[in-house]
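The sequence and structure come next.

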Amino acid sequence: MPDLSRRDLLKATAAAGAGAVILPAVVTGGMSDVAAYGSGSDCKAECEPPAKLTGRIVRPQDPDYPEASLGWDELFVHYPLVIVFAQETQDVVNALTWARQNNVSLRVRSGRHALEGWSNVDNGIVIDVSELKSTHIDTATGIAKVGAGLNQGEAVAALAKHDLAVTTGTEDSVGLSGATLGGGLGFLLRYLGMACDSLVGAEVVVPTGIDGAKAIKADLNNNSDLLWALRGAGNGNYGIVTSLTYKASPLKSVAYLTATWDGLSDLQGIFDTWQRTAPLSDFRLGSQLEIHKSQILLFAVLAEGTAAEIRHLLDPILSIDTPDVAVQTGNWGDIYAGFQTPVADEPAFWKFFSQFTTDPFPKKAISIIRSFINDAPSEDSNYFTQAFGTGAQTKQPRGGSAFNHRDALFYAEPGAGWGDRANPDCDDPTTPIAQAWIAEFSQALRPYVNGAYVNVPNIGMQEWETAYWGSNFDRLRRIKQKYDPQNIFQYEQSVPPASC
Ligand SMILES: Cc1cc2nc3c(=O)[nH]c(=O)nc-3n(C[C@H](O)[C@H](O)[C@H](O)COP(=O)(O)OP(=O)(O)OC[C@H]3O[C@@H](n4cnc5c(N)ncnc54)[C@H](O)[C@@H]3O)c2cc1C
């Protein structure tokens, strides 16, 4: 089917009954949502009454199913039986109960940016919280309770109106839930810690009893072990987070600097100088390097800083050759909105590989980067770094966290983007080339790195458990045993209960 676009394929397959998938009557509408459960069940008095799906429900035969099923990374195609867009917590409770009673596999979804497509599932139910958009900000205390459906851009804007901030990632369309629950790194991490470090509470829908579900609180006074786990290992592992409560910090204005060097001839000097200065600089300074085939880009944010200060702090790097430099100062919400790229302008397909490092890269590692970037499979391929080093992220928040990379010097990822989002080709010849490039690139850097980032999961990696969470993994398994002993929340690299 070479000429069939991915959206056409989704539509066609949905209309045909999701290809080879057999749809049970509970989903096709042949029976009511409550009907399938009960007759053949062993349940006696201790079971919940049959659940009914509530909220905005999208099934394969619905016209909006292709759009409702599509993730940000169009490399991954799934055909869920049903997608529930929750409008309130009770919809999530009903959906989880329904999934348990009907023995249907489930995935949790918010901003749809999962990088291996694991927030969607064939033949299962997707419980989508993206329409839970409430925002309550106590400007006196900085406590912000938000619905789990906010994306990062919405959260940054809502807080910035009150001169408040928490760390988020850089792209506005990424879900705040997905980013925070795996850690959440971005420009403000050296100033405010990881996104998860500001998380002081959550409402979470967890399984209860034989086939039920209920909403519980996780904070320092209630289920504090679950809060610990949600701070870095909460993505689709323990329950469905329906709201997030942050302690936001004051942030009036930032200085934002971009620098561009044409070509890669200065790469050794720029990379080495950056890794030896930026992560050890003033803790208000967050910075990223992006190395492309044709240019090297530096992005930096100085919290509560001036244009002169940010130039001064970055002078060792900026004085290499003659980069084009631009600096702006302003409200964080305005600056953040200003550096966004609309999703429609981004490639359709993406592949990344995450790596943390604690020691500066030697010359050889930087040469490896140069040689792979020279052979990059597309213009949208790059090697991305984010400074860690000294800074607020080195300290645990009160109550601790599962996030395990506080001693990193920097985070980095080779990434490739390709394919036309307006007309994606599921047989794109770049796909295997890009996948091989990422695999070989990350493999070549293995001697120089230690650890990986669960929010940018490395499929097929051995010992991913310790690469993501180190020695925290055993505790995560014990907490899983307590909140999800039947391993209802499971996917390719989910935390198993301690008893498994
Ligand atoms: C373009 C792009 C840029 C990125 N930039 C950054 C960055 O700057 N910094 C950074 O730290 N990360 C970044 N990431 C990684 C990002 O943090 C993860 O992809 C994140 O998990 C996406 O969250 P989501 O809600 O959008 O995705 P989803 O696909 O909805 O979910 C991702 C994962 O979180 C789980 N999940 C989502 N919502 C909930 C919930 N309410 N309760 C329980 N589990 C839930 C899902 O089950 C899934 O496992 C980026 C990713 C992309 C694609």
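Asparagine 103 follows H4 and has a positive phi, near 55°. The model is predicted: local features need pLDDT of at least 70, side-chain atom pairs count only at pLDDT 80 or more, and totals for chains, interfaces and linings use all residues. Residues are numbered from 1 along each chain as its sequence is written, and side-chain values use heavy atoms, with hydrogens and water left out.

Helix H4 covers residues 89-101, 13 residues in total. Helices (H or I, at least four residues) and strands (E, at least two) are DSSP runs, numbered from the N terminus. H4 reaches 18 Å from first C-alpha to last, close to the 18 Å expected at 1.5 Å a residue (1.5 Å times one less than the number of residues). In H4, 11 of the 13 residues are buried (under 20% relative accessible area, 1.4 Å probe, protein chains only). Among them are Trp98 and Arg100.

The structure holds two cavities of 30 Å³ or more. A cavity is a set of points on a 1 Å grid over the protein atoms alone where a 1.4 Å probe fits but cannot get out; lining residues have an atom within 4 Å of a point. A volume is the space filled by probe spheres set on the points.

| Cavity | Volume | Lining residues include |
|---|---|---|
| Largest | about 90 Å³ | Asp73, Phe76, His78, Arg109 |

The lining of the largest cavity has three nonpolar, six polar and three charged residues. The lining of the second largest cavity has eight nonpolar, no polar and no charged residues.

Definitions and conventions: Buried < 20%, exposed > 50% of the residue type's maximum accessible area, 1.4 Å probe, protein only. 1 Å grid on protein atoms, 1.4 Å probe; cavity = no way out; pocket = protein on both sides within 12 Å on 5 of 7 lines; lining within 4 Å. Nonpolar A, V, L, I, M, F, W, Y, C, P; charged D, E, K, R; others polar.
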